[in-house]
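Colleague: I would like a close look at one part of this model. Please take it in one go, with the cut-offs spelled out.

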Amino acid sequence: MTLTTDLDRIDIKILNCLQDDGRISNLKLAESVALSPTAVLARVQRLTKDGYILGYEARLNPLKLGAGMMVFVEVLLDRTTPNVFEAFKAAVQVRPEITECHMVAGGFDYLLKTRMADMGAYREFAGTVLWQLPGVRETRTYAVMEEVKNTTRLCLS
């Protein structure tokens with residue numbers, strides 16, 4: 001992958017290090033990229049200000065926290081008008097069970113990623129929340145049997 005941005009090789013190294021460990025100390029990060037701590041801090045601040053770094057968060061274990069079942073849901077809306085899209089997007093934002101929502105091209109309108117405790121919890125969610133979302137005409141559910149790969153890491157080369 002080639003980046004067509006204003007990033008130099010040190011910026012790329014910094015971003016890769018932060019992807020590996022978002023809690024790395026500034027001193028350790030400086031050592032990793034062979035710059036002074038002051039210079040690294042300035043670069044990280046610039047990368048954040050310029051929107052390359054969106055934030056930091058802990059990756060939690062869903063199995064230990066009662067959300068071990070992942071379910072993907074295709075959603076087809078009854079109408080594809082701006083007001084239906086907006087109502088659907090607003091309703092999805094407030095549902096903590098929905099961890100991702102993507103508008104897609106193809107045979108349906110949205111792809112949702114949800115996390116639940118188990119199939120019973122999903123059935124309850126589907127009946128009381130999912131099918132009640134604005135504009136939903138049809139859904140297709142895909143319960144995940146095995147998570148083969150799960151990362152938010154971007155390939156920066």
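How much space lies in the largest pocket?

Modeller: About 1,600 Å³ of space lies in the largest pocket. This is a predicted model, in which local features need pLDDT of at least 70, side-chain atom pairs count only at pLDDT 80 or more, and totals for chains, interfaces and linings use all residues. Residues are numbered from 1 along each chain as its sequence is written, and side-chain values use heavy atoms, with hydrogens and water left out.

A pocket here is an open set of points on a 1 Å grid over the protein atoms alone, where a 1.4 Å probe fits, with protein on both sides within 12 Å along at least five of seven lines; lining residues have an atom within 4 Å of a point. The volume is the space filled by probe spheres set on the points, which are joined across faces, edges and corners.

The largest pocket is lined by 36 residues, and Glu 57, Ala 58, Arg 59, Thr 151 and Thr 152 are the closest to its centre. By class, the lining has 17 nonpolar, 8 polar and 11 charged residues (Ala, Val, Leu, Ile, Met, Phe, Trp, Tyr, Cys and Pro are nonpolar; Asp, Glu, Lys and Arg are charged; the others, Gly among them, are polar). Two or more lining residues each come from helix 1, strand 1 (69–77), strand 2 (98–103) and strand 3 (110–116); helices (H or I, at least four residues) and strands (E, at least two) are DSSP runs numbered from the N terminus. Helix 1 gives the largest share, 4 residues.

Helix 1 also packs against other helices. The axes of helix 1 (residues 9–20) and helix 2 (residues 26–33) come within 10 Å and cross at roughly 130° (axes are lines fitted to C-alpha atoms over the stretch in contact, with angles from 0 to 180 degrees between N-to-C directions). The two helices are therefore oblique to each other (under 35 degrees is roughly parallel, over 145 roughly antiparallel, 65 to 115 roughly perpendicular, the rest oblique). On the helix 1 side, Ile 10, Lys 13, Ile 14, Cys 17 and Leu 18 meet Leu 29, Ser 32 and Val 33 of helix 2, contact being heavy atoms within 4.5 Å. These contact residues divide into 6 nonpolar, 1 polar and 1 charged.

With helix 3, the axis of helix 1 comes within 11 Å and crosses at roughly 80°, so helix 1 and helix 3 are roughly perpendicular. Ile 10, Asp 11, Ile 14, Leu 15 and Leu 18 of helix 1 make this contact with Arg 43, Val 44, Arg 46 and Leu 47 of helix 3. Its residues divide into 6 nonpolar, no polar and 3 charged.
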